[in-house]
Amino acid sequence: MSKIVKETENQLKQILIDAVNSAIDAGELPQADMPQFIVEVPANKSNGDFSSNIAMAGARSFKKAPNMIAQSIVKHIDLSATLFDRVEIAGPGFLNFFLSQKYYSEILKDVFACGDDYGKSDYGQGKKVLVEFVSANPTGPMHIGNARGGAIGDCLASVLDWAGFDVSREFYVNDAGNQVEKFATSLEVRYLQHFVDGVEMPEDAYHGADITEHAENFIKEVGDKYVDAPADERRKALVNYALPKNIAGLERDLGRYRITYDNWFRESTLHNDGSVEKVISALKERGVTYEQDGALWFKASEFGNDKDIVLIRANGLPTYIVPDIAYHYNKLVTRGYDKAIDVLGADHHGYIPRMKAALTALGLDADRLDIVIMQMVRLVREGETIKLSKRSGKAITLNTLIDEVPLDAARFFFNLREPNSHFDFDLELAAKKSSENPVYYVQYAHARICSIVKKAQEQGIELRTPTDDELMLLNSDEEKELIRHLSALTGEIVAAAKAYDPAKITHYVVELATLFHKFYNAHRVMGEEEGLMQARLYLCIAVRDTIKNILTMLKITTPEVM
C-alpha cells in the first residue's frame with residue numbers, strides 16, 4: 001500500500017487503542033488486556049473505507065456484547081486532525097470508518113512525491129531471492145511453454161524487486177546428462193546420414209530441422225573428418241560445435257523477449273567442481289541412503305515423499321535428481337540466497353516433494369525453496385486450437401510467436417492468468433488494436449492522457465500543482481474511486497509478491513484504465529473553472545504516471561500516441 005495508506009491504517013489502529021483506553025478510564029469498559037484486532041479495507045465500499053473487528057475481538061476480555069463495546073469505543077473516538085470523516089457501527093459490532101476528502105488529496109500528492117518509485121515498498125527488507133525460470137534444454141528452440149514461463153518468471157522477478165526484495169534472475173543450462181547424450185546421438189545420425197546410407201534416426205531422438213541444420217553447417221566446416229573417427233570423439237566434436245550455438249541462441253531470443261538474466265548457471269560446473277559427489281557424500285553421512293540391487297537409494301519416504309529415490313544407478317551413473325539437489329544446495333548454501341523460486345511446468349508436480357525431501361535431509365529449511373507451477377498454454381486462432389507437434393519439428397517457438405503478435409501483448413497476455421491456471425492465448429486478439437485487447441486498452445489510456453496534457457499545453461495552459469483547496473474539488477464518485485484505486489497499488493504489488501502471481505498486477509492496471517475511462521466519460525477536464533481543471537489535470541497525470549510505472553515494471557512500452 002502507499003505510504004499514505006499505511007500511515008492511515010496505523011493512525012486508525014492508534015485511534016482505536018486510545019478510544020478503548022479512554023473507555024476503560026471512564027469506567028465504561030472493565031480493565032482488561034487490549035484485544036488482538038484487525039483493521040482492513042472492506043470489499044464492499046458501503047461498509048466504509050476501513051473497518052475493524054475490535055468490538056467482537058474484545059467480547060471475551062470485556063465480558064460484554066460486541067455492540068455495547070462498539071458504542072463505548074465510538075463514544076471515545078476523536079477523529080479531529082485525522083484523515084477520517086466519520087465512523088459507523090454495523091451488524092454485530094463492526095466499526096466502519098469513512099475517509100475525509102483530505103485523504104484523497106494526500107494520495108495524489110504521494111503519487112507525485114514518489115514519482116518513478118510509486119508502488120515500491122520495503123516489504124521484502126532486502127532479502128536475497130533467486131528466481132530461476134525458463135531453463136529450457138539447450139538442445140533445441142524454445143517452445144510456447146517457455147514463452148509463458150519467461151513472461152511469468154521475468155514479471156515475477158520485477159514484482160519481487162518492487163516489493164523490496166534483492167532479486168536475481170537465473171537460467172539453469174542443462175549442458176550435461178541424458179538430454180545432451182540424446183542431442184549428441186541426433187547430431188551424429190544426421191552427420192553420418194550425409195555420408196553413409198542406411199543410418200537410422202532413433203525414434204526417441206530429436207527430429208527437428210535445427211538438428212539437420214547444425215549437422216550440415218558442421219559438415220561445411222570439417223567435411224568428412226569425423227566419419228571414421230571414434231564415436232566418442234565424433235559426438236564430442238558435434239556437441240562442442242552445436243551446443244554453444246544453441247545456448248547463444250537462447251540468450252539472443254530471450255533478449256528479444258526483453259529478458260536479461262543476471263546469471264547463466266551451467267549444470268556441468270556441478271559435475272566439474274565436485275558438487276554432485278559432495279551431495280551424495282553428505283546424504284550418506286547423514287544416514288539417509290541405502291544400497292539395493294546395485295543402486296544407491298535416498299530414503300525420501302522418510303522426508304515427505306511418496307517413495308524412495310534412486311541416486312546412483314547400478315551402472316554407476318547419477319540420476320538427474322542428484323545434480324538438481326546439488327544445484328539447489330548451491331543456491332541456498334554456497335551462494336546464500338534467502339529464498340529460491342523455480343518456475344516449472346505442470347509436469348513437475350512430483351518434483352516438489354522430492355526436492356524438498358532432499359533439502360530437509362541435508363539439514364536445510366525446505367520452505368526456503370518455492371516452486372511456482374505453470375500450467376499449459378493453448379494457442380487459439382479463429383476459435384480453433386493450433387495443434388503442435390514436437391516430433392515433426394513444427395512446434396510453434398518463442399520466436400515464431402513474437403513474429404506474429406506484438407511483444408507487449410505476448411508479455412501481458414501470459415500474465416493475465418495466475419500461473420497454475422490453464423490459458424488460451426488468442427493470437428487474433430493479441431494483435432488487435434481495440435479495447436477488446438487488454439494491453440492495448442491500458443496503453444490507450446496512457447496515450448489518451450498524454451493527448452489531454454498536450455492539448456492543454458497547446459492551449460497555453462500552465463500545468464501546476466493544485467492548491468489544497470483545489471484538490472478538495474475532486475469529490476465525485478468517479479474521482480474518488482479512481483484515487484482509491486491508485487492508493488492500492490503498493491499493497492497490490494506486495495500481494496502479488498506474496499502469492500507469486502504477477503496476474504494481480506495486470507488485473508490492477510486494466511482496472512485502473514477502466515476507472516480512468518469511466519471518470520473521463522463522466523467529467524470534463526478542459527473548459528472547467530481554473531481550480532477544478534488544474535485538479536483534474538493533476539489527477540490525469542497521476543494516473544498516466546502510475547500506468548507507466550506498472551508497464552515499465554512489466555517491461556511493456558508506454559506509447560504516447562496510438
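Student: Which residues does proline 419 touch, not counting residues up to four places away in sequence?

Tutor: Proline 419 touches Arg148, Ile152, Val372, Ile373, Met374, Gln375, Tyr500 and Asp501. Keep in mind that this is a predicted model.

Student: What makes these count as contacts?

Tutor: Contact means heavy atoms within 4.5 Å. The residues listed, Tyr500 and Asp501 among them, are in contact with proline 419.

Student: Where does proline 419 lie?

Tutor: Proline 419 is in the loop between helix 15 (407-413) and strand 15 (423-426).

Student: Why is proline 419 called buried?

Tutor: Buried means under 20% relative accessible area. Proline 419 has 4% relative accessibility, so it counts as buried.

Student: How many residues separate proline 419 and glycine 153 in sequence, and how far apart are they in space?

Tutor: They are 266 residues apart in sequence. In space, the distance is 9.6 Å, C-alpha to C-alpha.

Student: What share of the chain is buried?

Tutor: Of the 562 residues, 52% are buried. Each of those falls under the 20% cut-off.

Student: How many helices and strands are there in the chain?

Tutor: The chain has 22 helices and 15 strands.

Student: In what order do the four strands of the open sheet stand?

Tutor: The order is 1-2-4-3, with antiparallel pairing. Strand 1 (39-40) and strand 3 (84-90) are at the edges.

Student: Why is one side of each edge strand left without a neighbour in the sheet?

Tutor: Each has a single partner strand, so one side of strand 1 and one side of strand 3 have no neighbour in the sheet.

Student: Which strands does helix 1 touch?

Tutor: Helix 1 (residues 3-25) packs on the sheet and touches strand 1, strand 2, strand 3 and strand 4. Its direction makes about 35° with that of strand 2.

Student: What lines the second largest pocket?

Tutor: The lining has 18 residues. Pro141, Asp210, Asn246, Arg252 and Asp253 lie nearest the centre of the pocket. Helix 9 gives the largest share, seven residues.

Student: What makes up the lining by class?

Tutor: Five residues are nonpolar, eight polar and five charged. Asp and Arg count as charged, and Pro counts as nonpolar.

Note on methods
Residues numbered from 1 in each chain as written. Predicted model: local features only at pLDDT ≥ 70, side-chain atom pairs only at ≥ 80, totals over all residues. Heavy atoms only, no water. Helix = DSSP H or I, 4+ residues; strand = E, 2+ residues; numbered from the N terminus. Buried < 20%, exposed > 50% of the residue type's maximum accessible area, 1.4 Å probe, protein only. 1 Å grid on protein atoms, 1.4 Å probe; cavity = no way out; pocket = protein on both sides within 12 Å on 5 of 7 lines; lining within 4 Å. Pairing = 2+ DSSP bridges. Axes fitted to C-alpha atoms, helices over the stretch in contact; angles between N-to-C directions.
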